[in-house]
Amino acid sequence: MWTALSLCILIASAAVLYDQLTKRIPSRLRAQEAPRSAFGLVRADKLSSRASAHRIDIIFVHGLGSNPDTTWGLRDGQCWVSDFLPQDIPVSFHKDIRIFFYNYDSYWKRDAVQARLRSLGKSLLDQMTSEIRGTEEEQTRNLVFVGHSYGGLVIKQALIQASTNPSIANIADYTKTVFFLGTPHRGSSFSTWGSIAARALQPLGSNPSLVQEVAYDSLPLRDLHEEFENVIGDKLRVVNFYEQRKTHVLKVWFIQ
């Protein structure tokens, strides 16, 4: 009897502790924690209202566990993509350019969508074909992608799929430049800890597969990069930005 009672107390204590440790993890299902930006392709500027042929569309894709508000925003509520980037574009080009966020659900800790990299790349293509490349004029607009972290992998997957599908090949053909901001082309060593955390959070509806896909030096990422290089050849310009300093996850006195 006492053994059973002790076990019940232990289980109840563990449940309370688990709840206390995880209650601050956000969920997109809670209105107050969901991003302000709508899902899908969201217009991020007010430069041009026309979709003239042979002009430019710039698409920003955020990373894992994030959204346009947290990736491209500032603490005071301003967004450098919406508020500052248009100021750097010469006025004479305003009529030629449209800027978009691609807001997809990349939350993996709580109430996560059970998606994979391949399906996220396809969703980006579906959004583009239905929202901004529906007409013949729109299909001749040049494309520039900017991917932050995992968002860069989504872009690579999308361009690979577009290049092998004649009905949407115009997306790959008219992509002129891709900017990768800290994209883990070879994966990340932090994915090991992320996978452990994701498995521990499965009672909350986590998605471990999203984190496991960026395991460092994994064969799927090698294959993805090789296929991407074969697809793009010398057709587009690729620009990589990456940190050159180590990231300190713990700093106590003189120990880092």
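What pLDDT does the protein average, and what share of the residues score at least 70? This is a predicted model; the average comes to 84, and 89% of the residues reach at least 70.

Let's turn to helix α7 (residues 191-200). Its buried residues are S191, G194, S195 and A198. These sit on the same side of α7, because they cover an arc of only 100° around the axis. What they pack against is α8 (208-212). There's also a nonpolar surface patch here, about 370 Å², made by F190, W193 and I196. F190 itself lies in the loop between β5 (175-181) and α7, and is partly exposed at 45% relative accessible area.

Now for the charged pairs. The count comes to nine salt bridges, including these:

| Salt bridge | Closest N to O distance |
|---|---|
| D126 and K122 | 3.0 Å |
| D217 and R222 | 3.0 Å |

The D217 and R222 pair is partly exposed on both sides, with D217 at 26% relative accessibility and R222 at 46%. Elsewhere, salt bridges with shared partners tie D57, R98, E138 and R141 into one network.

R116 counts as partly exposed at 44%, whereas E213 is buried at 16%.

D126 and K122 stay local: they are four residues apart in helix α4, so about one helical turn separates them.

How values were computed. Residues numbered from 1 in each chain as written. Predicted model: local features only at pLDDT ≥ 70, side-chain atom pairs only at ≥ 80, totals over all residues. Heavy atoms only, no water. pLDDT = per-residue confidence, 0-100. Buried < 20%, exposed > 50% of the residue type's maximum accessible area, 1.4 Å probe, protein only. Helix = DSSP H or I, 4+ residues; strand = E, 2+ residues; numbered from the N terminus. Arc of directions from axis to C-beta. Contact = heavy atoms within 4.5 Å. Patch = residues over 30% accessible without salt bridge, like charges linked within 9 Å, V, L, I, M, F, W, Y side chains within 5 Å. Areas by Shrake-Rupley, 256 points an atom, 1.4 Å probe, with all protein chains shown as cover. Salt bridge = Lys/Arg side-chain N within 4 Å of Asp/Glu carboxyl O.
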